[in-house]
2 protein chains.
Amino acid sequence: MTYNFNPGPAMLPPEVMQQAQSEFCDYNDLGCGIVELSHRSGEFDAVRERAEQNIRELASLADNTAVLFLQGGASLQFAMVPMNLLTSGATADYVDTGPWSSKAIKEAGLIGHVRVIAGGKETGYTAIPDSAAWELDDAAAYLHITSNNTIAGTQYSVWPSIPDAVPLICDMSSDIFSRDIDFNRFGLIYAGAQKNLGPSGVTVVLIRKELADRVPDSVPGILRYTTHIEGKSVYNTPSTFGIYMVAMVTDWMKRQGGLGAIERINDQKKKTLYDLIDADDFYRGTADPGSRSKMNVCFRLADEELEKIFLAESAAAGFMGLKGHRSVGGMRASIYNAMPLDGVVSLADFMREFRRRNG
Amino acid sequence: MTYNFNPGPAMLPPEVMQQAQSEFCDYNDLGCGIVELSHRSGEFDAVRERAEQNIRELASLADNTAVLFLQGGASLQFAMVPMNLLTSGATADYVDTGPWSSKAIKEAGLIGHVRVIAGGKETGYTAIPDSAAWELDDAAAYLHITSNNTIAGTQYSVWPSIPDAVPLICDMSSDIFSRDIDFNRFGLIYAGAQKNLGPSGVTVVLIRKELADRVPDSVPGILRYTTHIEGKSVYNTPSTFGIYMVAMVTDWMKRQGGLGAIERINDQKKKTLYDLIDADDFYRGTADPGSRSKMNVCFRLADEELEKIFLAESAAAGFMGLKGHRSVGGMRASIYNAMPLDGVVSLADFMREFRRRNG
């Protein structure tokens with residue numbers, strides 16, 4: 001048995017993978033695959049519409065929020081957000097909770113005025129800063145946060161309370177639809193699909209429509225949210241395979257019972273690993289306890305040589321992708337929605353046994 | 001038997017589709033699919049490298065040309081080309097041979113000074129304008145052309161001769177690798193993959209490296225060619241499925257004997273349809289004979305009611321996607337590389353029989 005703990009692109013629900021495989025060359029008895037169909041065909045339109053409706057339903061989205069399927073990942077959103085929303089003379093507030101936040105800040109700084117109002121760089125990004133201490137700007141174009149940080153394994157458990165006039169913008173690439181939250185408190189949410197929603201190459205954007213109207217005339221059409229809202233995500237040819245997979249993954253989420261049910265399993269997965277890590281000093285979690293992520297559990301061993309052995313033995317035992325990000329080292333178990341509790345329990349068993357042999 | 005004449009996303013080589021299906025859930029005995037692997041894994045890196053080397057080999061690319069796998073399709077390139085290459089104060093020359101050229105011109109006009117030096121809008125884009133008559137600007141930042149025009153079914157058969165100092169930039173989305181040409185005469189070539197190279201969601205860019213250095217400091221990092229040259233197309237997470245499919249399709253092209261062999265088959269396919277269309281007045285080709293595309297054969301019937309019957313009967317007989325673009329009507333047979341000669345011969349048989357019954 002192989003368990004895939006890759007940080008993204010990551011494992012997808014096995015039943016989704018199997019269905020995609022079975023109909024890969026012949027979708028709906030059409031005699032060709034979904035990837036060989038026009039993005040303007042009735043068959044594909046039904047798939048795109050299903051993906052959108054599933055997302056609306058799972059997130060209980062308000063009608064004034066558009067659901068877009070774009071390309072370019074979160075990295076393109078780092079630029080599109082300020083190009084569209086940070087109009088001349090305004091300032092945007094950013095919170096720097098990890099290297100992905102930093103990249104978003106760097107891109108925005110090329111486009112307009114940016115203020116970093118809180119962060120955690122000095123302390124290795126091991127904690128989400130307490131929003132009670134943030135000095136918010138009532139006149140900010142928006143406040144940008146990163147809900148989950150894959151490299152340090154931290155995640156917001158409480159949303160900042162901010163002035164009504166300031167839209168909250170969130171990069172949810174690594175935890176979207178992993179828990180039951182109020183999606184309507186955000187002005188714009190974006191997420192590369194490759195952790196919880198599907199394969200890489202498709203980006204889901206949820207945007208309150210009136211925000212899109214801010215876009216300056218100088219922004220290229222393809223980089224305007226208004227273009228894709230009007231074009232219903234087929235202004236140009238989208239990743240049809242990506243959208244198809246999002247439709248199937250969100251179908252699966254509904255079959256699981258929705259986000260509440262998914263969150264309960266994710267909570268169990270997180271607890272299974274952290275209970276073991278916290279039991280003694282053999283393993284050490286790197287994220288502050290109050291900021292620990294349900295998606296990425298980052299941990300170390302006291303001895304770096306033993307970490308190499310852990311990684312080699314865990315890989316040999318069928319646990320893939322446990323190596324920590326190259327910038328921080330150590331170990332990381334990425335336990336997105338598709339990772340079953342069984343896989344986490346098996347990993348915990350392996351870790352317990354490894355400790356017994358090496359502790 | 002179904003034959004898929006969709007204009008793109010389009011049919012892919014059946015043996016590529018079958019191989020992708022067989023290994024969809026278990027790539028190289030890893031216990032997971034290629035879409036579930038990290039874009040930084042050794043396995044995926046080998047795939048990306050293979051796709052690049054195949055492209056270098058098929059196109060006999062010079063070493064100073066980079067091969068990039070981006071996202072966003074040709075539509076994002078319409079913006080990226082001028083953002084990177086049309087520096088302040090310079091002018092770019094464009095040739096308007098169809099709606100896709102027009103979109104490229106519109107985007108570039110938002111970014112800098114653009115001159116449309118030739119076109120065919122007045123005559124319904126039915127011909128490629130003779131480049132001998134173009135008034136070229138020796139100091140232009142670049143000259144932009146669209147090699148094949150899917151909607152009118154036209155294609156350049158002769159490349160314009162232009163001043164050495166002016167880089168020739170070409171949107172080859174709908175005919176890349178369909179014929180044996182000198183790819184090194186171009187400064188930059190871009191192509192959405194979904195006609196000849198793979199599924200939608202991946203864009204191939206071939207760029208002479210020194211051109212990339214022109215980019216102004218104000219351009220967001222994700223939209224700079226330099227970023228992706230340095231990052232070897234994994235600066236951010238690319239469409240791993242798209243790149244994998246490009247690797248497999250270019251493997252297939254090599255097995256066909258390369259671009260010369262592919263072009264000979266494409267010539268036969270084109271001749272098979274046009275010989276029939278030109279045989280009498282029942283069918284009428286809409287592109288000027290000297291500008292006819294090897295990729296998209298656009299034709300009409302004298303009677304519009306009969307066109308509806310043709311489309312219904314051809315669809316019922318298993319010929320998919322023959323409806324012309326909604327902006328021009330009529331019929332269009334898209335015969336990209338993956339369409340076998342058999343499929344075109346079968347369509348010609350159907351057309352001959354339809355003429356016999358209705359002529």
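Axes here are lines fitted to C-alpha atoms, for helices over the stretch in contact, and angles run from 0 to 180 degrees between N-to-C directions. This is a predicted model, in which local features need pLDDT of at least 70 and side-chain atom pairs count only at pLDDT 80 or more, while totals for chains, interfaces and linings use all residues. Residues are numbered from 1 along each chain as its sequence is written, and chains are lettered from A and ligands numbered from 1 in the order in which they are written.

**Exercise 1.** Describe how helix 8 of chain B and helix 10 of chain B cross, and list the residues that meet.

*Solution.* Step 1: take helix 8 as residues 259–278 and helix 10 as residues 341–358, both of chain B; helices (H or I, at least four residues) and strands (E, at least two) are DSSP runs, numbered from the N terminus. Step 2: the two axes come within 10 Å and cross at roughly 0 degrees. Step 3: angles under 35 degrees count as roughly parallel, over 145 as roughly antiparallel, 65 to 115 as roughly perpendicular and the rest as oblique. Helix 8 of chain B and helix 10 of chain B are therefore roughly parallel to each other. Step 4: residues are in contact if their C-beta atoms, placed from the backbone, lie within 7 Å. Helix 8 of chain B contributes Ile265(B), Gln268(B), Lys269(B), Thr272(B), Leu273(B) and Leu276(B), which meet Leu341(B), Val344(B), Val345(B), Ala348(B), Met351(B) and Arg352(B) of helix 10 of chain B.

**Exercise 2.** Which helix gives the largest share of the side of chain B that touches chain A?

*Solution.* Step 1: 50 residues of chain B are in contact with 50 residues of chain A. Step 2: helices 1 (14–22), 3 (73–85), 4 (99–111) and 7 (240–255) of chain B each supply at least two residues of that side. Step 3: the largest share, five residues, comes from helix 3 of chain B.

How values were computed. Contact = placed C-beta atoms within 7 Å.
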